[in-house]
Amino acid sequence: MATQSVLTPQADDFPRWYQDVVAKAEMADNGPVRGTMVIRPYGWAIWERMQAAMDERIKGAGAQNAYFPLFIPLSYFQREAEHVEGFSPELAIVTHAGGEELAEPIVVRPTSETVIGEYMAKWVQSYRDLPLLLNQWSNVVRWELRPRLFLRSSEFLWQEGHTAHASYDDANAYANKIHLEVYNDFLENVLAAPTYLGIKPASERFAGAINSITAEGMMRDGKALQMATTHELGQNFARAFDIYFQSEAGQAELCHTTSWGASTRMVGGLIMLHGDDQGLVVPPRLAPIQAVVIAVRDEPEVNDACEKVAASLKSAGVRVQVDRGRGSFGRRVTDWEIKGVPLRVEVGPRDLKEGVVTLVRRDNADKAAFSLDAVASVALDLLDVIQSAMFEGAKQRLADATSDVLTIDEALEATETGFARLKWSAVGESGEATLKARAVTVRCLQRPDGSMPANDREAELDCIVAKSY
RNA sequence: CGGGGCGUAGCGCAGCUUGGUUAGCGCGCCUGGUUUGGGACCAGGAGGUCCCGGGUUCGAAUCCCGGCGCCCCGACCA
């Protein structure tokens, strides 16, 4: 029988394809309240592995995990002018509790700079207390106008790091360290996601920040997605929350703070960055299930062989699952393809007669037979090969779909299908407005060699512009 | 908040224009059987406040009035 597509093809309707994948890969469902999300076990397993990989790197960068309350007094937000202005439209505010109207409304946190700032002020007394490096894993709420599963839900999960430093230089260095050693390292080596690293123009900065650093990935439809972001808050929040320390010279000085986050949006990024018309494609290092062993027929010898193959894979350190019996072979293959499991091991009577099993790569559908003894070591090699092939493939797509242009008009044309790169001086504030009228924004500023600028006042900067999620 | 569209079984939809018996179809689900090397097939079966309220009528999923909800495109945004 012919292979027909189970999902809406990407080329027909990309957003529809995305929704199909989320539903059919059993990642998530819409929650009962508009914009909320139920994360199903398979989606959660992927998020858990993202969390683990990032948490390890966060701790490696010296930050400690802590937890701050979900509820924040409204007055905290009002202490930083830009912050309250930026977040007011999307706050969820509790006005009643215990059957009575509250004396002061309580905000359900959209982010925790304010409440953490309040406690940093308490905990920081001396330069010896610095730097103070905190991170928390939490849920936050932002009342979004147009929610989409994973990409923009009213409630989402994330980590938010918050640090306080004695000097601008120390804060700046730490922000860069986080961005490179936590986010970029995770993105490249686990998620197989190449991005453009750069800083946001003033118009796109976090509310209250003096500088926002970003990692901009390109989805399969050519649109941009901010995968992670790091903010230098300067002394704005330190001033608003009285985060002072006594210096070595005995002077009272204001701290410099940073904040940085990555969220469940990254799951959406995973789907749209690597997914194809057959469904999700999960990079091996991230995959909760790296290999699925499929019994072609529900027969005792085949099932025995499946268990043996699975056992050898497991002892080699492969995250493996056995699938036998429950329906037609074709159906099961399709189901695992939709879930994006990197490696499929097909075990059937025909192969077994020759003492082999068939290994199939999810990323390129390559198929080959290997002896039972060799399966574990071949699989380990293949998982590595798939991991780097996915990264290289994504890198190539990013490069191919980025056009170097000279003018705003050329940029508008190029961003119909991908990214455009041009001189920041060729854009400016009026250029930004022209672009924005066509739903194109400046994703980040970079030095001409692609490295990250210290700030947007550097001369000779390039900008990457694109439509975005 | 501006512009479009839609509410009928778990999901996707038809029926409405021109009111008329027990409201249909596909997928999914349940039972039994045959199957299983790329979404299997046969037989039987379960499942509905036709978004809500009011009105017209002998009779409303269908016509009228009012409400609510959702989706898509923009502005906001991790």
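Which elements each supply at least two residues of the lining of the largest cavity? Keep that in mind while you set up the view. The model on screen is predicted.

**Stop 1: the domains**

Colour chain A in three parts. Domain 1 covers 14-274, domain 2 covers 291-388 and domain 3 covers 402-466. Now look at domain 2 and domain 3 together. Their C-alpha centres are 46 Å apart.

**Stop 2: the largest cavity**

Search the whole structure and three cavities of 30 Å³ or more turn up. Begin with the largest, at about 60 Å³. Select α5 (113-123) and β14. These are the elements that each supply at least two residues of its lining. Helix α5 gives the largest share, four residues.

Select Glu113, Ile116, Gly117 and Met120, then His162, Leu233, Phe237, Ile243, Thr257 and Thr258. Colour them by class.

**Stop 3: the largest pocket**

Move on to the largest pocket, which has a volume of about 1,400 Å³. Its lining holds 44 residues; the closest to the pocket centre are Glu90, Arg142, Glu144, Gln226 and Arg265. Centre the view on those five residues.

Which domains meet here? Domain 1 (14-274) and domain 3 (402-466) both contribute lining residues, so the largest pocket lies between them.

Now select the elements around the largest pocket. At least two lining residues come from each of α4 (81-87), β8 (155-165), β11 (224-234), β14 (256-263) and β22 (441-446). Strand β11 gives the most, six residues. Colour the lining of the largest pocket by class: 16 nonpolar, 15 polar and 13 charged.

**Stop 4: strand β18**

Jump to domain 2, residues 291-388. Select β18, residues 356-361. Is this strand mostly covered or mostly open? It is mostly covered, with six of its six residues buried.

Turn on the side chains. In a regular strand they alternate between the two faces of the sheet. In β18, Val356, Thr358 and Val360 point one way. Val357, Leu359 and Arg361 point the other way, and all of these residues are buried. Arg361 is a charged residue among them.

Strand β17 (residues 343-347) runs antiparallel to β18 and is joined to it by four bridges. Strand β19 (residues 367-371) is also antiparallel to β18, with five bridges.

Which residue of β18 is the bridge partner of glutamate 346? Select threonine 358. Then look towards β19, where the bridge partner of threonine 358 is alanine 369.

Follow the chain from β18 into β19. The hairpin has five residues between the strands. Stop at alanine 365 in this hairpin, which takes a positive phi near 70°.

**Stop 5: the second largest cavity**

Two or more of its lining residues come from each of α10 (329-339), β17 and β18.

Show the lining of the second largest cavity: Val292, Trp336, Glu337, Val341, Pro342, Leu343, Arg344, Val360, Arg361 and Arg362. Val360 and Arg361 were selected at the previous stop, where they point opposite ways from β18. Colour this lining by class as before. The second largest cavity has six nonpolar, no polar and four charged residues in its lining.

Definitions and conventions
Residues are numbered from 1 along each chain as its sequence is written. Chains are lettered from A and ligands numbered from 1 in the order in which they are written. This is a predicted model: local features need pLDDT of at least 70, side-chain atom pairs count only at pLDDT 80 or more; totals for chains, interfaces and linings use all residues. Side-chain values use heavy atoms; hydrogens and water are left out. On a 1 Å grid over the protein atoms alone, a cavity is a set of points where a 1.4 Å probe fits but cannot get out, and a pocket is an open set with protein on both sides within 12 Å along at least five of seven lines; lining residues have an atom within 4 Å of a point. Grid points are joined across faces, edges and corners, and a volume is the space filled by probe spheres set on the points. Domain bounds come from an automatic or database domain assignment. Buried means under 20% relative accessible area, exposed over 50%, partly exposed in between (1.4 Å probe, protein chains only). Two strands pair if DSSP finds at least two bridges between them.
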